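Subject: Structure handover and notes

Dear colleague,

I am passing on the structure shown below, followed by notes on what was found in it. Please read the notes with the coordinates open beside them.

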Amino acid sequence: MYCSSKTALVILHFGDIYHSDELLKILNRFYKRKEMQKLAADQGLDARLFHQAFISFRKHVLEMPSLSADLHIILSDICFGAGHIDDIYPYFMRHAKQIFPMLDCMDDLRKISDLRVPANWYPEARAIQRKVIFHAGPTNSGKTYHAIQRYLAAKSGVYCGPLKLLAHEIFEKSNNAGVPCDLVTGEERTFMDMDGRAAGHVACTIEMCSVTTPYEVAVIDEIQMIRDPSRGWAWTRALLGLCADEIHVCGEPAAVDFIRELMYTTGEEVEVHTYQRLTPFSILNHAVESLDNLRPGDCIVCFSKNDIYSISRQIEAKGLECAVIYGSLPPGTKLSQAKKFNDPDDPCNILVATDAIGMGLNLSIKRIIFNSLVKPNVNEKGEKQMETISTSQALQIAGRAGRFSSKFKEGEVTTMHRDDLPVLKEILSHAVDPIETAGLHPTAEQIEMFAYHLPDATLSNLIDIFVSLSQVDGLYFVCNIDDFKFLADMIQHIPLNLRSRYVFCTAPINKKQSFVCTSFLKFARQFSRDEPLTFSWVCRHISWPLAAPKNIKDLVHLEAVHDVLDLYLWLSYRFMDMFPDTASIREIQQELDDIIQQGVRNITRLIRATDPNLTDPLQTEIMHGQTGSEATSGAFWTRGRVQRGSGGTSESSLASRLVRDGLLTPDLLKQLQREWSKEHRRQDDNQLSTLSADHHEKNSKGKRKKKKK
C-alpha cells in the first residue's frame, strides 16, 4: 500500500533543506545501533552485507518520491519524538530481503555452507580405521624415500604430490622397480595396461586423487602445503578423505602437532617417524658480490623472471654457460635444463633459477646463492605484496644444496649481496612457524544446492554468498577464491549450465597471461554452442605451426601457447566429447616443448635480440647511482635488492621495481623514455633559443654602444 498524495507531500517536505538533515541523522543513528547490527547478523546480514543494505535503504528513504504509508508513519513519529529508532528495523529488513533474496532461505543456506566438520564429508574414509604415519624431517632427509618404499611394497597404493614433475618421478620409479603404476595429472592419463585397466598403483597430482577408491597405502607429500592460501584444500581433502589402510604423510616437523590435532577429530592416531638431514649444508661468512666469483655447481636463486633473464645474460657475457629454470617453463624444458646442468661432461655448470627448484627436481648443486630475499606473495585477501621470504621458504631452497644423491655431499648457502647475508642468517636461525590451520573450498555440489535456493544469482555471487555465510572452526580457513571468481566473471555472459561453468572456473590457468585468458573465453564460447573443439580449430586459434622464438617476447608467447594446450588437455578429461583430439594436441605440445627448449638453450641470444630497452635502461639507471669500482663490479646485481636503513626498505631502482612488480611494462618504459627524450630535446631547444636570444640582445646592445661612442 502506498501513501496518498497528501502523504507524498509530507515526505517530500522531509527532503527540503530544513528536514533532510534531521532524517539523515535518524537513519545514521539506526545504522550505529549495535543491537540492530546484532539482530541483522542473526538474520544473515554480516557487517559487509549490513552496510550495503543500509546504503541502499538510506538512498531509498531519502530519494524516493513516495514511501509506503507504514514506513512514512514510523519515520514521522520518530521525527516528532513519538517513536523509537529501533522501530525502523522491520522496514529495513524488508528492504534488505528485496536486494538480498537469500535472506528468505537463510537457514537452508547456513546448513549447506556449514564447514565445521569436513571429516564427515568422506563417509568411505570414516568407515575404516586408518593408520596415519607422519614422516617428519627437513629437505634431503630421506622422509619421502621411506614412505615410497612402503608404497612400492604394498598391493595397491596412491602417491599424491604437489607437482606434475614429482608425480612423473614416482610413476617412473615405480614402473622401473617392476611395480605397475599409472599416472594421473590434470592434463594427462597414462595407463600401463594396454586395455586401459587401472593398475594397482597410481601417481597423481594431489588435486586428482580419488577419495572413493580403496588402497592399501597412500602417500601425501609436502603436507605443510595444507596451509597454502590457494591450494591448501587439496591436502585437507586427501588427508581426511583417502580410503587407505595406511596414510603416509611427508613434510616439515612444524606440521606434526597440527596433523595430530586434525586426526583427533577423525578418531585416528598419528605415529611419527623423525629424520635428520643426510648431508649437511653450511651458511658461508661471505657473500659472492661479483659474477667473477661464481664457481661450478653454483645456483643463483631469483624471485622474478626478469632477473633470471638479466642475470643469465650477464653470466654468459663473461664466457660462462648457464642453465635456466623458472615456474612457467613446460615440465619437459625444466627437466632438459636440469639434465644439462647435472651432466658433468656438459660445459654448463651454473644454474639461474626461481624458487621453482624448491621441490620436484634432482639437481647437483654445491652452493645456493640468494640474489634477493624478497619475493612477491599473495596474502589472504588476494592482494599482491612484496615480503621477505619465510624461514620455511628459505630452508626449502637452501636445502637443495649438497643433496645426498648428487656429486656434492656437502652444501653451501650464501647471498649475492653483502647486506643480505646477516638477514639470511637470521631467517635461517628461526624455527619454522607451526602450522595452525588447513584450507577448505566449496564443492560443486554445495554450490549447486546454493543455486537451487538462489536461481538468479551468478556463480561469482553464489561463491561470495557461500564464503560470507560459511562457518569454520579454528582448525580451518576458506581458501582464496579470487581466481575462481575472476574466471566466473569472465564467462558469466556465456550460456552454460552451472556444473559446466563450475568446472571451467576450476581450470588451473594463469590469469596474468592475456593470451591464455582469451583462449579460455573462446573455449567456453565454442563449448556453449555445442561445437566440438577440434584439432584444426585449435591450430587456427594458436596459429600453428609456430616458429622458433627470435626474442624473449616470442619465448613468453610460446610458453603461453603451451599453457593453452595444457588447458585443452585439462578440459578434455572433463568433457571428452567436446575436446576430442587429445592425442593430436599432445603431439604438437611435444613439438612446442622442443621449440621452447631450443629457445631456452639460446636464451642469451634471445635476450640480446630483444629490444635493449627491456633491460639496459634499468642497468644504466642503476649504474648512474654508483661510481668507481662499485659500478664496474657487478652493479646490475643490485636490481631487486632491498636497501635497508632508517627509512625502512626501498629499491635502489624505481624503474626496476616497477618492471619487476608488473606495474610498468618494458613497452611502456620504452614509450616513457621516448617521451622523456622528446621533453629533454624540447627543453634543450628552448634553452638554446633563450641563449640565442640573450646572445642576440647582447650583440645589439654592444653595437648601439659602439655607435654612441
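In which loop does Glu289 lie? Glu289 is placed in the loop between strand E9 (281–283) and strand E10 (298–301), where helices (H or I, at least four residues) and strands (E, at least two) are DSSP runs, numbered from the N terminus.

Before going further, please note that this is a predicted model, in which local features need pLDDT of at least 70 and side-chain atom pairs count only at pLDDT 80 or more, while totals for chains, interfaces and linings use all residues. Residues are numbered from 1 along each chain as its sequence is written, and side-chain values use heavy atoms, with hydrogens and water left out.

Overall picture

The protein contains 29 helices and 20 strands. Of its 709 residues, 49% are buried, buried being under 20% relative accessible area, exposed over 50%, and partly exposed in between (1.4 Å probe, protein chains only). The protein exposes about 34,300 Å², of which carbon and sulfur atoms supply 52%; accessible areas come from the Shrake-Rupley method with a 1.4 Å probe, and for residues only the protein chains shown count as cover. Among the contacts (heavy atoms within 4.5 Å) with a separation of 6 or more, 74% are between residues 24 or more positions apart.

Cores

The largest nonpolar core has 156 residues, and those with the most contacts inside it are Leu45, Ile88, Phe504, Phe523 and Phe579; such a core is a set of buried Ala, Val, Leu, Ile, Met, Phe, Trp, Tyr and Cys residues joined through side-chain atoms within 4.5 Å. Helix H23 (residues 552–572) gives the most to this core, with 12 residues. A second, separate core has 28 residues, including Cys299, Phe303, Leu351 and Val413. In soluble globular proteins, nonpolar side chains tend to be buried together. Once neighbours within four places in sequence are left aside, Phe579 is in contact with Phe504, Phe523, Phe527, Leu533, Tyr568, Leu571 and Ser572.

Helix packing

Helix H22 (residues 535–542) and helix H24 (residues 582–601) pack at an angle of about 35 degrees, their axes being 9 Å apart; the axes are lines fitted to C-alpha atoms, for helices over the stretch in contact, and angles run from 0 to 180 degrees between N-to-C directions. On the H22 side, Phe535, Val538, Cys539 and Ile542 meet Ser584, Ile585 and Ile588 in H24. In the loop between H22 and H23 lies Pro545, which a cis peptide bond joins to Trp544, with omega about 0 degrees.

In helix H6 (residues 89–99), the buried residues are Tyr89, Tyr91, Phe92, Met93, His95 and Ala96, and the buried residues of H6 pack against helix H2 (20–32), helix H3 (34–42), helix H4 (47–63) and helix H5 (69–79).

Helix H15 (residues 391–398) is mostly covered, with six of its eight residues buried, namely Thr391, Ser392, Ala394, Gln396, Ile397 and Ala398. These pack against E9, E10, strand E13 (367–370), strand E16 (411–415) and helix H16 (420–429).

Individual residues

For Glu289, phi is near 70 degrees, and the residue is partly exposed at 35% relative accessibility. For Glu222, in the loop between strand E6 (214–220) and helix H11 (232–241), phi is near 55 degrees, and Glu222 is buried, with a relative accessible area of 11%. Most residues other than glycine have a negative phi, and most peptide bonds are trans.

Ile206, in the loop between strand E5 (201–205) and E6, counts as buried because its relative accessibility is 0%. Although Ile206 and Ala234 are 28 residues apart in sequence, their C-alpha atoms are 6.2 Å apart in space. Asp419, by contrast, lies in the loop between E16 and H16 and is partly exposed, with a relative accessible area of 41%; the C-alpha atoms of Asp419 and Ala287, 132 residues apart along the chain, are separated by 8.5 Å.

Finally, Ser310 in helix H13 (residues 305–317) counts as buried at 4% relative accessibility.

With best regards
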